[in-house]
Amino acid sequence: MRIVSAVLAVLTVVCAIAACTPAGNQTPAPKGPPAVWDDQSDPDWRHRSQFKASMRHMWIAANRIVSAGRGDKRPNYDEIWPAAADIARRARMAHNFWSEIARTVDNLVLALDDDDRPGASDEFRALGAACDGCHLATWSPTYLHITPNTVEAWKQNRIKLGMEMEHFDNPPPEIPNRVLMQKLWKQYQAAQVALQDWKKPQVKSELAPVAEAARAQAQLWGQVADNAAQLAELARAQKRAGMPEAYANMSAACRACHAAWAGPERPIHNPMPWDGPTD
Ligand code: HEC
Ligand code: HEC
């Protein structure tokens, strides 16, 4: 049995990145302000991390919620509603990917116990599709191996891309989240080999920590998503009571995850607390 997964194609490249010498000292050329506010001609789009972009949008939405709700005045419910819904949507996506990963490992274990090889293979592919699904949604195009050659080839309706490897002198820092990802990948690969050889105990022992990590991430994202959704519901119902608590529960999960997984290398903007000055 051979399990071919796109995740390997995507991840192999990244391994090459990870194996590069850490943090070079290249500084990007200084860039002036864009010609217009919405700079559609941005030539650096391939290097933008969707994960970080989404984080910044959640930060903006969280701070709009506080700005519209803080103090004794009637909150601006119609500003809080869409901002909270925006956070809920983004957090739910991450929550769903991690939940899917935990569920596929559970199902795979059941298939192993039933000696169901096609079933186990199918669950393993679903696991890879959930990892890759999140990567397609969160990585920068460069991380996804979209080079200038790829772009040119696709513009000319060509599919043979000539797999050019871009050289990175400057891999991202080894923040705990990245180290976790590298560990998950090693376990994924080891499980794949064990599955091909039908070594059931090894498949289980490699994937147990993957499921455990996925459940921990799903819990944090679920806490963000549930409380953000509750904030949106309260805003819709124009109810102030319960808002500070839901906001505190939501932002506690942002803080907890940053403390555990972002690392001191990254300057993190945590969302503003609910209470504070109103001018
Ligand atoms: C389950 C983990 C997790 C949760 C939950 C989470 N974050 Fe993050 N966040 C991270 C990680 C990891 C980074 C660092 C990413 C990097 O630098 O590569 C980060 C970075 C950020 C950044 C900095 C982005 C930049 O420009 O470098 C902001 C802002 C942010 N998060 C806001 C939030 C807000 C607001 C919430 C809650 C509504 C939240 N995050 C919830 C993991 C999380
Ligand atoms: C919720 C989204 C999400 C899920 C689910 C997810 N990842 Fe990731 N992964 C990311 C992000 C974001 C990065 C980029 C980290 C960075 O920029 O440092 C990443 C990076 C990686 C990397 C590259 C690490 C490096 O050296 O830069 C590997 C390998 C990886 N993930 C493997 C996995 C595997 C295997 C799974 C499934 C078991 C998985 N990931 C599930 C979001 C996710």
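Of the 279 residues in this protein, 41% count as buried. Keep in mind as you look around that this is a predicted model. The protein exposes about 16200 Å² of surface, and carbon and sulfur atoms supply 57% of that area.

You will pass 8 helices and 0 strands, so the order of elements reads α-α-α-α-α-α-α-α, with helices counted as DSSP runs of at least four residues.

Let us turn to ligand 1 and its iron atom. Two residues of the protein coordinate this iron: Met55 through its SD atom and His258 through its NE2 atom, at 2.0 to 2.3 Å. Met55 sits in helix α2 (residues 50-69) and His258 in helix α8 (residues 243-262), so this pair ties together parts of the chain that are 203 residues apart in sequence. Is Met55 buried, partly exposed or exposed? Its relative accessibility is 24%, so Met55 counts as partly exposed, because that class lies between the 20% limit for buried and the 50% limit for exposed.

Next comes ligand 2, which is surrounded by 19 residues; the closest are Cys131, Cys134, His135, Tyr143 and Met181. Some side chains also bring polar atoms to this ligand. A polar side-chain atom of Arg178 lies 2.5 Å from an oxygen atom of ligand 2, and one of Gln182 is 2.6 Å from an oxygen atom of the ligand. For Trp139, a polar side-chain atom lies 3.4 Å from a nitrogen atom of ligand 2. The elements giving two or more residues to this shell are α1 (6-18), α3 (77-113), α4 (117-138) and α6 (176-196). Which helix gives the largest share? That is α6, with 5 residues.

Ligand 2 has an iron atom too, coordinated by His135 (NE2) and Met181 (SD) at 2.0 to 2.3 Å. Because His135 belongs to helix α4 and Met181 to helix α6, the pair ties together parts that are 46 residues apart in sequence. As for the two residues themselves, His135 is buried, with a relative accessible area of 10%, whereas Met181 is partly exposed at 28%.

Methods: Residues numbered from 1 in each chain as written. Chains lettered and ligands numbered in written order. Predicted model: local features only at pLDDT ≥ 70, side-chain atom pairs only at ≥ 80, totals over all residues. Heavy atoms only, no water. Buried < 20%, exposed > 50% of the residue type's maximum accessible area, 1.4 Å probe, protein only. Areas by Shrake-Rupley, 256 points an atom, 1.4 Å probe, with all protein chains shown as cover. Donors = N, O, S within 2.8 Å, 3.2 Å for Na, K, Ca; no water. Near = heavy atom within 4 Å. Polar contact = N/O pair within 3.5 Å; in protein donor to acceptor, adjacent residues only side chain to side chain.
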